[in-house]
Each structure stands twice: as structure tokens, then as C-alpha cells.
Amino acid sequence: MSRPIVIENASLFGDTVASLLIEDGVITAVSTGTLEAPADAVRIDATGLVALPGLVDLHTHLREPGREDAETIETGSRSAARGGFTAVHAMANTTPVADTAGVVEQVWSRGREVGLVDVYPVGAVTVGLGGTQLAEMGAMANSKARVRVFSDDGKCVHDPVIMRRALEYAKTFDGVISQHAQDPRLTEGAQMHEGVVSAELGLAGWPAVAEESIIARDVLLAGHVGARLNVCHLSTAGSVEIVRWAKARGIDVTAEAMPHHLLLTDESVRGYDPLFKVNPPLRTQADVDAVRAGLADGTIDIVATDHAPHPDEDKDCEWAAAAMGMIGLETAVGIVQKTMVDTGLMTWRDVAYRMSALPARIGRVEHEHGGALTEGEPAHITLIDPADPWVVEPTASASRSNNSPFGGIELPGRVVATLLRGVPTHLDPRFEGAFA
Amino acid sequence: MRHLLSTQDLSREDAILILDTSAQMAATQEREVRKLPTLRGKTVVNLFFEDSTRTRISFEAAAKRLSADVINFSAKGSSVSKGESLKDTALTLQAMGADAVVVRHWASGAADRLATSGWMHGSVLNAGDGTHQHPTQGLLDAFTMRRHLVADPAGADLAGLTVAIVGDVLHSRVARSNVYLLHTLGARVVLVAPPTLVPIGIEPWPCEVVHTLDQAIESYDIDALMMLRVQRERMGGGGAAYFPSTEEYSRLYGLDGDRMRRLPDHAIIMHPGPMNRGLEISAEAADSPRSVIVEQVANGVAVRMAALYLLLAGEEGDQ
Amino acid sequence: MTGTIMGAPDIARALTRIAHEIVERNDGAEDIVLLGIPTRGLPLAHRLADRIAHVEPSFDAENSCGALDITMYRDDLFKNPTRTIGVTSVPQGGIDGRVVVLVDDVFHTGRTIRAALDAIRDIGRPRSVQLAALVDRGHRELPIRADFVGKNIPTSRSERVDVRLEEVDGEDAVILRKGP
């Protein structure tokens, strides 16, 4: 049995100062006054810190099995814990692809063994992400891994009939299709956002319409068959408009925004540094503003990371040869604070909703994650110091990969402790004494 | 100059210095002894990730006439079959002691990467990177225009000239190099292409765009008409072709004798080569006295000599 | 001694004397080509040509003068900031079989002249090459000597000799300055 923990004087959701008692992995007491705690309890002084329910990432690439040179479930879990996450959804584009019950159970049990975050495998929509034949979604849903999120992420389910069938079929087990919206024909050879910068740099363009046309089609399909649709990494102003329209029509659609799409624009590509190469690509300032506004008004439901580790050799090369994607678990909270909280667009309570409660609900893990900070809830807690600026140093990440585009950028706050079922999975050195 | 990566980096003064230096280099090429001792002891590597015999021999001639040692390094590879990485190649060149690397690459930005990644210390001269830039081509075009169209070329820019560039602007590093350089030198630039071959996002470019060659000839007093090569893979027939057929392209954008005669008398005709005779340019136009296409090749050597001189002469680290 | 060493009249007299010496040495002015080394060797070459024409009316001053830029032949190209390449122009008829008189303002280490000799080799084969300098300040680093000198000025290595000419600087003067 681990010792009880008292978190003293934390700012719950950034608006209510209270202390929490954690015993046997559960929050057993919450008090705005003095809190009766056992004598042997570990005391954490959380004055000035924001306490949120453990964060849930709906979009993480852990790379295992297959690309353990880029990331493993263990290193990815550690990185997630450092970033304040207590649960991650591991994308299906591994080798082999997570398109069978066997693979998703393997990922799920390895996540359990590591024990730093709850790893929920995402199942592939189509066999081998090939886009032509539905994967055995039922088998994955009924496996130990209890898969509820299905995605061919990295590839778009572009065939409208396959997409329709997937949406319909997933209803059987209350699943959601999480679509990587990218028209493949409109993006053949695409290297970056199509616009002023791509014209000048001579890089093949990835037009906004290639994302928007798929989202438009998919929301109509989801509405038609009455199914749940989640839009992965929404990146354009037009996509925000389409999702807003769909929600107004009552279509059951949710959407993700990524930290990099909240902070960076295609101007970053000018140096041809492949660290800025990502799919969908960095867009214009107008798109960034629209995504921020969409997240603030709830058109975009959640922030997810699209943490996409790649070994150095896949980024240390010419732009066109480089892999797409960037790591992002450890910088997500800092970027959301910088772009949404410190700008007054969101409160910490909104952050908790969009990075914990809602992603847990979309992933249908709300019985295990994303709860309130109240008595009887599992003690998944993220403590954030919102006034501890730090400069991102990619090689200091717990991820096996270093491909962060945020190196050298100062972020205003950081995650100082993460508790999974009452057990610290990440602790800032300032608290190490308390647990000694 | 430390590197020559893009004509966008060149100020008017830089550009005129290169053109004036090129003129002196061109003068030496009319002598009996065309070799100069200038870059004795310097090593120039021609690093070609993409076949281009013309460009390679032009740079090779330029370097050799300045007495530099030339190493030709042909590194085949594409985005599909990567072959040796750019980084390892750069480290190899660094170990060999390359003072300058002339790089031709299929990927836009490859020259920038070589110059800024810290993999090697030598000067980088971009000899064409993907669909981005080919600065010495722009410079040799500007040099050729100045020679023919400016009365007193030494020290002069191209103010007052109108240059039309016709063809596949979207995929053309030649067009990009020329648009920025010619604008910097004071010329007016008109791009002529079907909308499918004009990049989205072209609005900030310092040029005008029209969609047929006849319209360009009617609306502008063209001093120089530059025809771009039509690449085989963009041609009609396939599902993603940029125009319906080569015949239609030729009808709307090809330079034939008739269109040539409607140009002002002094106008020159240019082409970066190699030409598709009968497609973007007819034999009559290509071989006419107005054509300076062969001279462009000769000027290419002089301009590349100037670029190598300006990159390699001077103290280590001299800007 | 620093300050103005030669004024305009001194320079004029020195050039007149050199012109006479050139004609005398070569038994006339036939076949003589004056190649000025930019920047200030160039006006000096023209002035010498005019004076020679005064002595030898058959001498075509206009078509016996040229410029010889030696930048690309220097042995210190990589030890100094990048130099702009100047114009090289050889009078019609070239230099083959003729007498080339190199003209420079200050004759110092001899390295400029060595470069000039290399440059000449690439443009033709003169019968002979002679050197005229307005000022010889000594400190030779190569076994090269001048044929015609306006004035010998003993200097220390740290001093600077500035030749100023009407055509370039708006006045004629030779000034000796203290080194840095």
C-alpha cells in the first residue's frame, strides 16, 4: 500500500483553492479549509499550482510495435506522464498495423506493464490502412483492449463507400471513426500548405480544400447514417466553418486541434527545416486564428497532440525526403497555456474540459478518466505551475525521439506532477523530497 | 558572398556586381589563353543528385578556367530510392576539403539545407533545387539581356525593360529565379501560362500574369521573351495533366514565326534549354537572328566563373 | 618625413621626364603600348601617352593605351576581402611583338608587377616588358626592378604612400602618411 498523499492549497481547475487527500488511488477528501490527513501522508505544497484531472490524449503515436527506434510504449508513456497525461490513445499505424485483436491487445497489455499512463489502442478502420477492406472492428472492440476509437490516421479513408460502412458499422459498439481528412488525389506529393509560402519555396502544395472537402463529405455521411465522427487534427479556417455548420445541424461530430496548429504557421517552413514538416501542414495565421477561435467557442472539442516521434535520420535530411510529424506530449500544456489561457480565450476549467473530460468521453473511457476532482474519483491528477517559464530543449524530452519544432521557444508554464491512480508518474524535482 | 542560394537574397548592388564581374570573365574568354590562375588551390565539387549534363559541364568549365580543382560527384537518388543521405554526402565533402559545393538536387531547399545545417563549411552554390531556384540561370539570363538591350551595360541595371516568361511557371526554378532578380534589377516581368501552371499564392510575386501568349504580345512592348521548357510528365494525356494536349499548348503558348514577327524589332528570344522544338518554340524562332539561346550557354560559363570568384576569393569567412 | 612629398608640378615634371626616358630607351615610340594597372596606373598611362605623342608626333596616344587588371592574378586573393575585378583592355593590334610599358602609381613589394607579368602572359607575347612607376617606395619582396621612376621615396614599412590624381581624386599629390 502506498502512503496517502495530501495536495495542499492547489487551485482546482484554476479557480478554487482546496486541498485533496488521496488514499489507495482514490480522492478521499476535498476541502477548502483544513484537511484531516493521516500522520504518514506525503504532503505536497501546491500553493500557486493549478490542479486538473489527468489529461487524456486522443491522438498519440507510440510507434510500438515496429518502429521502436522512434518510440516505444515505455518511452512514449514516460513522455506522456511528463506532459501531464494519464491516458493516451495509441494510433493504429504501427508495423504490423493495429487492425486485429491480437495487435491491439499486445499494445494494451504492454501499456499496462509499463504502468505510466493508461494506453488505449486505436484500431485501424481498414485492413493494413489500405482503405479497401474494413478491419475486424468488432473483434478489436470486444478484445481486452476494448477499442472504441478507429482510425486509419496517417491515411485518409477516402473511399466514400468504405467510410460510410465504417461509420455505420462502428455504431454496433458505440465506436467512433476518427478521420484523417486528406483527399489523396489533391495532395499527391504535397509538402506544405499551398499558398504564398509554397509558391515562393517551390514546394508542392497541400491545399486547405483537400482537408475541407473530406470533412464536408464525412459530416454529411455521419449525419446521413446517424453515426459518430471525430475529425483528426483539424487545421484550416474552412474546416472550422464546416464543423460549426455540421454541429448546428445536429450532426454528431467532434474535432481535434493540435498544439502546433495553435502556435505555428507556414512561415516556419522558410528555412526548409524538416522539423516543421507535419501532416496536415502548418497553415496560415488566419487559419491559426480560426482554430483558436473554434477551440474557444467549442466548435473544436478537444486538444490532442498528434505526438509523432521520428528518429533523427528521418529529419536530418532534405525537406522532401523527411518524415512528417513532430513530438508534442511534453509541450502540449505549455502551448495551450500560451495560446489559449494567457490570451484569455480559455480558462483552466476549459482546458480540463477539452484535454481531459471530453477526450475521455469521445474515446468512451469516461468511466476511467476525465472525471471531476471530487471524492470517490480515481486520483488522476495533473499539477501545473502556470508561472514557471521554460525554454523547450528537444533532446531533454523523455521521448526516444527529438523531433520537436519548439526548441528554443519559451513556454509560460509546465507540468510539475502527474498522478495516475494516486501514484506519481512524473514529479518535478521540487517534490522529490516529499516522497523520499 | 558566402553562399549563392536564391536570387531573392541578392540586392541590386550584389546583382550588378555579379553581372559586372561576369562581363570581365566573359572578356577573358575571348582571349587565346582562357585559363586564369585565380582559384588555384581551391576545390570545387559538383554535387549532382539530378542528371543535368549541361549545367554540370558549364560549372565544370567555369571552375577549370579559374584553375580550381574540380571533383564531380554524382549522387543518384530520389525521394523514392533515397540512396546516400544528403547529410552523409555533405560530411564526405567536408572531409575531402571542398571549398565550394555546386549542388543540383531534385528537392526544393536542398541547397539551403546544405548551407545552413552545419554539416559542412564550404560555400554552397545552388545549381537548381527542385522547383525552387536556379540563381545562376537567372543571372545569366539577366546578363544576356543587359548585353543586348542596355546601351551602356557596365554598372547598369535593367530598368525600363519588359520581360515575358512563358510556360510552366508552377514547376520552374528558372521562372522563380528570374522573377525576383529581374524585379530587383528594375525590369517589368510578365508571366504567361495557363492557370493550371501558375502557382496558387503567386500574388506577392513582383510580376504580372496573363494567360495567353497572344495577349502578352498585344498588351506589352516585350524586350525579351523567354520560353520555358515543357516537361514531358506535365503534358496532356494522363489524368493529372496540366493541359489537354501538346497541340493545344503549342497553339496557345508556343512561339512560332508568326508570333515572333509581332514582337518589337529589337526583342530577343531566350530559352534555358534544352528545347522541345515544335512544342514551346518552333525551329524558325529558335534559329532566328533574334534568338540568343546559344549565347545564353556561353554566358552561363562567364556568370558561373563570376559566382565562383565572388564566393571563393576573399578571406575565409568574408561576407 | 610625412606630408605632401610631390605636388602637381612635381608630378607633371616627373611624368614628362619618364616620357622622354621611354622614347630614349626604345629609340623612338614605335611599337610602344602603355598598359596602366587600375586604378591610378590608368590615368598615368594616358598622361604618359600624351607626353610621348608630344615628343614623337607619329605616336598614336589614343590607340596605344590600355588597362591591365591584375586582380585575378594576385597571390593574396584569399588573404584580403573580395576584390572587385576591373577592366582589362588591350589596344587594337594587341601586344604581340610590341613593347609593353606597365604603368603603376606606387612600386612597392613587386607582387603587383609579378601578377601583371602573369596577366600579360595570358593576353599575348610582347617583345619586351618595361615598368614605369610614379613613386618607388622600396621594400621589394621579389627580384623585380623598375625601368622608369618618377621619384624614389624612402619609407618605413608602416608608412603609407597615397597617390592622388586629378582624374580619380580631383587633385594631383603624393602624400606620405604615418602608419596605423
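Two residues count as in contact here if their C-beta atoms, placed from the backbone, lie within 7 Å. Keep that in mind as you click through this predicted model.

**Stop 1: where chain C meets chain B.** Select the two chains together: 16 residues of chain C are in contact with 14 residues of chain B. On the chain C side, colour by class and you'll find eight nonpolar, four polar and four charged residues.

**Stop 2: the sheet in chain C.** Stay on chain C and pick out the open sheet of five strands, ordered β3-β2-β4-β5-β6 with parallel pairing. Go to β3 (65–67) and β6 (148–152) of chain C: each has a single partner strand, so one side of each is left without a neighbour in the sheet. Neighbouring strands here are turned by 25° against each other on average, direction ignored.

Now bring up helix α2 (residues 41–55) of chain C, which packs on the sheet and touches β2, β3, β4 and β5 of chain C. The direction of α2 makes about 155° with that of β2(C). Next, select helix α3 (residues 111–123) of chain C, lying across β4 and β5 of chain C at about 155° to β4(C).

**Stop 3: two domains of chain A.** Switch to chain A and colour domain 1 (5–51 + 377–435) apart from domain 2 (54–362). Their C-alpha centres lie 26 Å apart. Where they touch, domain 1 of chain A gives 29 residues and domain 2 of chain A gives 40. On the domain 1 side, look for β16 (381–385), β19 (414–420) and β20 (423–427) of chain A, the elements that give two or more residues. β19(A) gives the most, with four residues.

Conventions. Residues are numbered from 1 along each chain as its sequence is written. Chains are lettered from A and ligands numbered from 1 in the order in which they are written. This is a predicted model: local features need pLDDT of at least 70, side-chain atom pairs count only at pLDDT 80 or more; totals for chains, interfaces and linings use all residues. Ala, Val, Leu, Ile, Met, Phe, Trp, Tyr, Cys and Pro count as nonpolar, Asp, Glu, Lys and Arg as charged, and the others, Gly among them, as polar. Domain bounds come from an automatic or database domain assignment. Two strands pair if DSSP finds at least two bridges between them. Axes are lines fitted to C-alpha atoms, for helices over the stretch in contact, and angles run from 0 to 180 degrees between N-to-C directions.
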